[in-house]
Structures are given as C-alpha cells and as structure tokens.
Amino acid sequence: MPKVILTGSIRQHVGGLGVVEVGGDTAGAVVSALEASYPALRGWIVDERGALRRHVKLYFGQGAVSLDTPIGPNDELHIVAAISGG
Amino acid sequence: MTELLVGTKKGLVVLRGARGGPLEIAARAFPGEAVEFAMRDPRSGRYFASVTHGQFGPHLFYTDDPTGKWQQAEGPAFPPSANAAIERIWVIEPGVDDDVVWCGVAPAALFRSGDGGGGLCLHSICPWPGDPNRLAIGISSAGVWLSDDAGKSWRRSVGGLVPRYIPEEARKDTHAFCVHNMRRAPRQPTTLYMQFHGGVYRSDNAGETWIDIGTDRGLPSDFGFPLAIDPNDPDRAFVVPLAADMDRVTPEGRVRVYETLDRGKSWRALENGLPQSKAYLTVLRQAFCNDGASPLGLYFGATSGEVFGSADGGLTWSTVAAHLPPVASVRCA
C-alpha cells in the first residue's frame, strides 16, 4: 500500500502518526482512504467538493501532483501545508 | 464572575474575573488559528468555536470546558449538489427547540444541527423566542430573509432599506442590500434592530419593513458593524459607529458606544472610561455583546487587541484586557 507522509500540523488527527499506509491507486483515492480511516481528517486536506485546499500541496516523485495522479503500491505521497499567513 | 469568550486572529482567549473588573486570561485555545466566533449555549452549557485554519479551512469545535480539550464537530458542509465549499463559519446561534443550533456561513448559507452540536451550521440569525418556525436572517450584500417554516422556505424583506452605496438610478433593481448586523428583541419579538452598510434601522413588524433610525438623531456616523440590544428592554439598543465605509475606524479618534433608550428616536454617547483622543480603533461585527444582567454588562473588543467592558449599562467603561491579537468576536459565556 502507498505510504502517506503527513505534515506535522495535521498529525493530531491521525493519533500523532507521521506515516500512514492506506490503499488507493490515485492521490485522491489515497486521501479518501485516509479520511475513511481517520474521520477527524475530513475537511482538512480536501473540502466538501473534494477539491484540494488552496494552501495544501501533494508531492510525489519529483514535484507537486494533482488528486488524479496515479500512485503505485510502493510509492510515498507527501501531504504538505504551505508556509503562509500573516 | 464574568467569563468572556474572545475570538481573535490568533486563537481563542477565555477571560475570567469579577464583573466590572479587569479580567485574567483563563485559557487560550487554537493558538495561531483564526477563531471567527465562539459562544456558550446557555441551554446545555456547551461551548462552540468556529476556527478557520489558514491551510486547512474552517472547522467547528465544541467542548464542555473551554480550558480543556475541544472536540471537532462533524460539518457543517455543503451537500455535493451545491458545488460549494464553506469558507468561514461566521456565527453560531442557539435555536428554540432544545436540540437545535444554527450556524451561519460564507458563502451565505444557514445550517441546522439536530443533535446539539455533534454535527451542524451568514452572520445574523434571529430566532423567535417560543416559536421554532419563525426565523429572520441577515446576509451581507443580500439583505434580510424571513422564514415561517423553520427555514424550509424564505422570502426577502428589505422594504425601507436605502442602499446609498448604489447609484440612485440603479437602486430599484438591486439585490445588494448589505446588512451588517441584526438583532431581535427577545421580549418583543416583532422588534428588530439593524446596522446596515450606511444606515441604522428598526423594524416594528418582525422584519417585514424597516424604519431609518440613524439619520440626524445624534450619531456621528451611521456606518458600522457592531450592534447590541438590551434583552430586557426592547426600546434599548447600542451601536459602535465607525467613520465611514472608506474609513473603518472610530470617528474623530474617539471610542464611543451610542445608546438609544427610545427605539432610535435619539442616541447618546457612552464614552466615560473609553479612549477619547487619537484612538482610531476598528470594532468588528461580532465583537460586541451583553451579559443580559441588570444593570446590563457590555463588552467589546478591537482589532488592536483591547477588550473594553462596562458593568453599569455603559455609563462607565474600563479596559478589561489588552495586548490580545486582533479581536474578531466577543461573547459572554
């Protein structure tokens, strides 16, 4: 199963874990599986339309990817929050 | 004992202390995150906070102890058919039925909870004491909406409101009625007060039509956001005027609350103890509240981090807290 590496500020919603293995063959499916396993994460990474939040990025391989990017079972998907704010 | 819930740009601050005196910080929650609104439901004692995380969006939390751990509520969330996502949760309001809590959000929508806040959620929500079916809501740029069936159907009600910010020739066809704040007098539910975007109004018929109570009656400006009423006196209301829509600070460098005791026929300044020189403060929509006691306790906060309070209906004021992050909301627990 793909590994998901979570940014520190949302680890509180997955019991403090930094790395979680969940199923899914696209980045979006992985995020959905993550929400299913950890319901407190619902609404934090994607909004209720299923759109990635503006200041959240998914990284896989060499760069940022979209939710429909295919992910293999041995891949790592990084969920990263932008450093932004005032 | 007074407990104030102060939502700020950088977290929730719980202030406690003797009524009328300086208040101490009893707790700080959601550090670094914008707390748009926080309140305590007097029926259940449960506390609610709307928190907008800069990266991870708006979420609603609840607790029975604001100095302890907060739980995340499910929702509010738009259904897929709406093709919309909540950007902010502006206000949380107890309903009339025991298990109902209302929540007003942006983009403008009203959410209802049926289980006391485990799952819920516009800026002004005015239930009708004793009648769960009758509601009035206020929406920025969209006016007043009334329902007689608990929100199943709505009708717009803007008769009497004058949108001066729209060119005169275009007013007839406009939908852009910018309500800034609206409150219902609980002991006389047909009476509502409104701070409009340029204009202060009262309705004597449950919001069906509106009467100008802001022009030439003693206010230094009829622009502003905060509005409070005396829950025990339907003739009494308070506003905190700002200079103008293009200059949203306290007029003339003086911080003044204005009170009417005669349903808006006249207004007088309440300024004793408030900064009266070189004080250009901004007081946001939800940052003004009362405690319902007699004499009435009044509290408001500014984006410059001060919270002011009065335990004698506004006759004298003191700074009850200072040096907080920009204050977005103030509610008595």
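This is a predicted model: local features need pLDDT of at least 70, side-chain atom pairs count only at pLDDT 80 or more; totals for chains, interfaces and linings use all residues.
Where they meet, 21 residues from domain 1 of chain B and 23 residues from domain 2 of chain B take part in the contact. Together the two domains bury about 1,700 Å², and 65% of that area lies on carbon and sulfur atoms. On the domain 1 side, the residues that lose the most area to domain 2 are Leu296(B), Phe300(B) and Trp317(B), which together account for 29% of what that side buries.

The elements that give two or more residues to the domain 1 side are β8 (88-94), β24 (298-301) and β27 (327-332) of chain B, and the largest share, four residues, comes from β8(B). Sorted by type, the residues of that side are 12 nonpolar, six polar and three charged.

Now let me turn to the meeting of the two chains, where 18 residues of chain A are in contact with 16 residues of chain B. Between them, chain A and chain B bury about 1,300 Å², with 55% of it on carbon and sulfur atoms. Of the area that chain A buries against chain B, 47% is supplied by Trp44(A), Glu48(A) and Arg49(A), more than by any other three residues. Here too the rule finds zero salt bridges, whereas the count of residue pairs in polar contact is seven, again with both residues at pLDDT 80 or more. The chain A side that touches chain B divides into six nonpolar, seven polar and five charged residues.

I would like to finish with one residue of chain A, Val56(A), which lies in strand β3, residues 56-60. Is Val56(A) buried or exposed? Val56(A) counts as buried, because its relative accessibility is 1%. Leaving aside residues up to four places away in sequence, Val56(A) touches Trp44(A), Ile45(A), Ile79(A) and Val80(A), and also Gln55(B) and Phe56(B) from chain B. As for Val46(A), which is 10 residues away along the chain, its C-alpha atom and that of Val56(A) are separated by 8.5 Å.

Notes
Residues are numbered from 1 along each chain as its sequence is written. Chains are lettered from A and ligands numbered from 1 in the order in which they are written. Side-chain values use heavy atoms; hydrogens and water are left out. Buried means under 20% relative accessible area, exposed over 50%, partly exposed in between (1.4 Å probe, protein chains only). Contact means heavy atoms within 4.5 Å. Buried area is the accessible area (1.4 Å probe) that two parts lose on being put together, summed over both. A salt bridge is a side-chain nitrogen of Lys or Arg within 4 Å of a carboxyl oxygen of Asp or Glu. A polar contact is a pair of N or O atoms within 3.5 Å; within protein, one must be able to donate a hydrogen and the other to accept it, and residues adjacent in sequence count only if both atoms are side-chain atoms. Ala, Val, Leu, Ile, Met, Phe, Trp, Tyr, Cys and Pro count as nonpolar, Asp, Glu, Lys and Arg as charged, and the others, Gly among them, as polar.
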